[in-house]
Amino acid sequence: MSACKTLVRISISSLEFSLVCNQRNFSFIPLPNHPSFSPISSSLRFASLLSPASSISLGLTRHKLHSRPYVHVAESVGVETTDLEDDSNKDIVEHLLTNTDDVGRLMKMERRSMTGDGGELIQSKRWFPYLDKFKTGTTFLSSSEILEAMDPYIMEVRKERFRNVVKSRSYSVCLVVEGLCDFGNVSAAFRSADALGFQSVHVVSCDSSKRYKDNRHVSMGAEKWLDIELWNSTQECFEVLKSRGYRIATTHVGMDAVSIYDMDWTCPTAIVVGNENRGISDEALELSDLHCSIPMKGMVDSFNVSVAAGILMHHAVCDRTSRLGSHGDLSLEESRILLAEFSLRHSKSANSIAHEFAKRKAASPVSKL
């Protein structure tokens, strides 16, 4: 036994010596100004190879290292962060769903009244939430002016990505999640909505008192690019959605349920998915316009709620594409406004850039004809 202990000590000492030697010969990218760089963290890159006990016996402090220790191309030419800093100790979606003011701050352009009435009735019978103006200080900028102001600060490849995404965006179908307990399911639904071209998502009575598991990064940042609206009651949510021209389709397995394959998804529709255990509430079933279901061929009679939401949205996109030629249906003006919205969400400094542009615009002399 004594010989074994001696052998272990010798092996650990040899490993420590090897680490020191390799550290001298290992070439790191020098990033003195980057926040994720520090001489201490870079010298301890090999600590993860050791067990906790080995790390302690070597006198190495266990640091939490970022998954991307080095700067990438996007960061080197422009900031790509949202108003909420990326914090690995915090679930961003959970934070948003429990802080209504932060959800509101994600949306930048001026918005129509909640129902679209009061002089703002949508003539096209199709809901679009934004007005063509952005308030900065005491002045307003149009979407064209926002795009002009932000143009020098966004890489061309990023602007092309924005254009392609906006081309595929639609408000004609939106997603409603009612009474979910697991923030991971909400995050996964957000991610699917963004990936499939849905711009509008609604969350009703999310139970923040329960949390089944750690759900960090499930949404992959999708919440930054979506229009998220929070509701305290199903009735309030449904009333507003109906005033915007949506029919309410709740997912439900019942005799009166219509197969999603028999529905015309070109009709403005709000898809509602319910609680992981209880499903859609009785109130939602009563207030909805129709009940729909996903045909299933297996022994089980239900999908995971985030999977069900993904299937519903994917089929809606396929049906709309077969009938209309594409899922995206924004007009040229709406596309320009949403492009401006994305440009403002692009970085934390966007508001300051827009404000400085407005000041220069106000100071420039107006030519007299």
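Mentor: Contact means heavy atoms within 4.5 Å. Helices are DSSP runs (H or I, at least four residues), numbered from the N terminus along with strands (E, at least two). This is a predicted model: local features need pLDDT of at least 70, side-chain atom pairs count only at pLDDT 80 or more, and totals for chains, interfaces and linings use all residues. Residues are numbered from 1 along each chain as its sequence is written, and side-chain values use heavy atoms, leaving out hydrogens and water.

Trainee: Which residues in H7 meet H14?

Mentor: On the H7 side they are Glu145, Ile146, Glu148, Ala149 and Met150. Their partners in H14 are Ala350, Ile353, Ala354, Phe357 and Lys361.

Trainee: How many residues in the contact of H7 with H14 are charged?

Mentor: Sort by class. Ala, Val, Leu, Ile, Met, Phe, Trp, Tyr, Cys and Pro are nonpolar; Asp, Glu, Lys and Arg are charged; the others, Gly among them, are polar. Here 3 are charged, 7 are nonpolar and none is polar.

Trainee: At what angle do H7 and H14 pack?

Mentor: Axes are lines fitted to C-alpha atoms, for helices over the stretch in contact; angles run from 0 to 180 degrees between N-to-C directions. For H7 and H14 (residues 350-363), the angle is about 110 degrees and the axes are 9 Å apart. The two helices are therefore roughly perpendicular (65 to 115 degrees; under 35 is roughly parallel, over 145 roughly antiparallel, the rest oblique).

Trainee: How far apart are the axes of H7 and H13?

Mentor: They are 8 Å apart, and H7 (residues 143-150) packs on H13 (residues 332-345) at about 40 degrees. That makes the pair oblique. By class, the H7–H13 contact has 7 nonpolar, 3 polar and 1 charged.

Trainee: At what angle do H9 and H12 cross?

Mentor: At roughly 15 degrees, with the axes of H9 (residues 183-196) and H12 (residues 305-324) coming within 8 Å. That makes H9 roughly parallel to H12. Their crossing is right-handed.

Trainee: Which residues in H9 meet H12?

Mentor: Asn185, Ala188, Ala189, Ser192, Ala193 and Leu196. From H12 come Val305, Ser306, Ala309, Gly310, Met313, His314 and Val317. The contact of H9 with H12 divides into 8 nonpolar and 5 polar residues, with no charged ones.

How values were computed. A crossing is left-handed if the near helix is turned anticlockwise from the far one by less than a right angle, and right-handed if clockwise.
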